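This report covers strand pairing, an annotated domain and the relation between the chains. The model is shown below.

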There are 2 protein chains.
Amino acid sequence: MESLNINVFNPVRIHFGNGFINNTGKIAKKYSNLAMIITGKTSMQKSGVLDRLVKILKDEGVKQVIYDKITPNPTIDEIDEAARIAKEKGVGLIIGLGGGSPLDSSKAIAVAAKGNIPVWDYLKTPAAAALPVITIVSTSGTGSEVNRYSVMTNPKTKEKPGFGYECMYPKEAIIDPEIMTSMPPYVTATTGFDVFVHVLEAFTGKMRNAFSSAYCMQAFYLLKDNLIKAYNEPNNPEARGNMALASALAGLAIDLSGVGIIHALEHPVSGNYPNVAHGAGLAALTVESMKYNLEACKRDFMLIAHHLGVKRAGKSDDEYAYALIEKIEEILKSINLNVRLKDLGVEKDRLPKMAKEAFATMGFAAQNNPKDVDEKAALRLLELSY
Amino acid sequence: MESLNINVFNPVRIHFGNGFINNTGKIAKKYSNLAMIITGKTSMQKSGVLDRLVKILKDEGVKQVIYDKITPNPTIDEIDEAARIAKEKGVGLIIGLGGGSPLDSSKAIAVAAKGNIPVWDYLKTPAAAALPVITIVSTSGTGSEVNRYSVMTNPKTKEKPGFGYECMYPKEAIIDPEIMTSMPPYVTATTGFDVFVHVLEAFTGKMRNAFSSAYCMQAFYLLKDNLIKAYNEPNNPEARGNMALASALAGLAIDLSGVGIIHALEHPVSGNYPNVAHGAGLAALTVESMKYNLEACKRDFMLIAHHLGVKRAGKSDDEYAYALIEKIEEILKSINLNVRLKDLGVEKDRLPKMAKEAFATMGFAAQNNPKDVDEKAALRLLELSY
């Protein structure tokens, strides 16, 4: 048995298909005639998807308020501002459009718009109600489209915690690979690698179970043939579609089984350096973290290596498990993400602060890591990844 | 991409764990203070689980009405009678306790108790509302514990259709492997083989997708080590737990992607011969149906063979795919289920009627079969399986 006690629940209606975005109006109307669209400052405007969504909603008589100021690492100020506007206008539905940042924010805004306290306070005060949320994801990586989690940054303290309550599950997730072909290569690489780390950590973590492992195995299988392909062939619809599926499967997996030390360490990185893409921070931290977990995860790493197509060919168990780490290094090179923390502009004297923050705001992830980690070990991982 | 359009939704709260049945009172109270327990005539009484459940509910102040007349192939008369009693008593919650028969019935009763027409009419009239249902499964095979489907038999016409609407999803599914150790070997074999056929048909059917395939692959993996072990070692808690997980995964898979010709043909078998266990009927039909589907499923069969531990060892693709069929024959022998329709008491002159019924009441399953099937081909499969 994979785990002694398992609880499975995910009420999101997932719709996957090319062109499915055209149905957003009909779906939105089930919830409200006044929706707030949450998105970033540029990509959905440039790709024309925002205009297209506005028209789709309008055609079904759904009015809209647009909040398009979400930054790559969304701050609590942005979230509280959007929530205030949503309240003022009497918005009945939040539509998150874009990558992980607007999607995460849409869920946090949905909570803050229903309550009477700043969103930061929900780290300690459980939220019981939220406005309904529809997610329309434009990248393949976040997993946020299908789960309850939201990550936000406190610009004063540079903390970047994740949180999630049952009321924060999106009602519906629209996954339309067609709108993903406009994703630039760097975004394809960083978000695609995020998918890999999601399934790596959910598959090996202490909270793993048979259901999340099912999602992970299928995601590994899809990653094998499609991560590098989507990077090299941005307009390949099959690669885009399969990466979108892998992202959703990974999102379901972490919803059940959480993440581990790689995510726990990355949040302080992009929290302190908001210009660092989450996936780039993960890339810098993954290899050393995998070496740290190797002994605790030997059989899992062998299984993942098998799923990623690494040939066994006479390797001992130890060698085969280690071959996964080499495979990941090879993948990172193929998508131009073989970076170190130094390359991302991280200052060495901030590492101790970041090691501390990994436990202060992402303690639940650190605790889920297959091998126990303390602050000292975390600092060592940051140093080795520098 | 596995499928062009995918819709995923399953709102059931699944609770898995040894001894979890002890929490049923607390869970039931969320829905109502008066529950109706639906179960069969003997096994839950003999094993003491029914008495235990009654006490668990009582201790939390949940009153109960017991309907323990469900037969192995539940009839619409039983369902309508239970629904009438539920209405009379003002029951607010239905608890299905046992194997597939009481679980399927509990969902049908929940619909009929909320409406004003006989349950048979819901084959044509969609149901929009049902009483809340909690399932407590005592076998590992039905999958009914986690999906919306219900199968019922019309004793006049001998038809045995399946049906399912969104309102029929159980609210909560309690999967407690401890209560499964009392399952007799024949039940372990027939229900365990049902799990295999669920995942075989969901994994290869036309409606397959990445999400259902994830459940299937994990279920194959669990079946490999635990089906025969659970049969040979009824008290092995790990084997029981893993078969219970496999059953739930398979139930989620068919909820998304349906079944195929094996199920379409089996329903007329146990519909016409109510003493035939569903899993025994499936066992008689599987090998010939797999031969029929072999060409259409070559790559899938190879993948399943791999997941079930069949060694490749120099086999050609054709040989490796066929090796899965031989593996299934071997498994059927190991669990004493290598039966033919004749052995189950089926009369040869009824085969044409049964071939017709496969399409009349299980047409959606026949249509989902990887290779197209018409009535003539269905009759041929029945004859070859006789």
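In strand 3 of chain A, I66(A) is the bridge partner of I37(A). The model is predicted. Strand 3, residues 63–70 of chain A, runs parallel to strand 2 of chain A, and 6 bridges join the two. Strand 2 of chain A is also joined to strand 4 of chain A, residues 93–98, by 4 bridges, and this pair is parallel as well. Here I38(A) stands opposite G96(A) of strand 4.

| Partner strand of strand 2, chain A | Residues | Bridges | Direction |
|---|---|---|---|
| Strand 3, chain A | residues 63–70 | 6 bridges | parallel |
| Strand 4, chain A | residues 93–98 | 4 bridges | parallel |

Is strand 2 of chain A enclosed or open to the outside? Buried means under 20% relative accessible area. Of the 7 residues of strand 2 (residues 34–40) of chain A, 6 are buried, so the strand is largely enclosed by the rest of the structure.

An unreviewed UniProt entry carries the annotation "domain: Fe-containing alcohol dehydrogenase-like C-terminal" for residues 188–383 of chain A. This span of chain A is 73% helix and 0% strand, and its end C-alpha atoms lie 27 Å apart.

Notes: Residues are numbered from 1 along each chain as its sequence is written. Chains are lettered from A and ligands numbered from 1 in the order in which they are written. This is a predicted model: local features need pLDDT of at least 70, side-chain atom pairs count only at pLDDT 80 or more; totals for chains, interfaces and linings use all residues. Side-chain values use heavy atoms; hydrogens and water are left out. UniProt positions are given in the numbering used here, feature names are shortened, and annotations may be inferred rather than shown by experiment. Buried means under 20% relative accessible area, exposed over 50%, partly exposed in between (1.4 Å probe, protein chains only). Two strands pair if DSSP finds at least two bridges between them.
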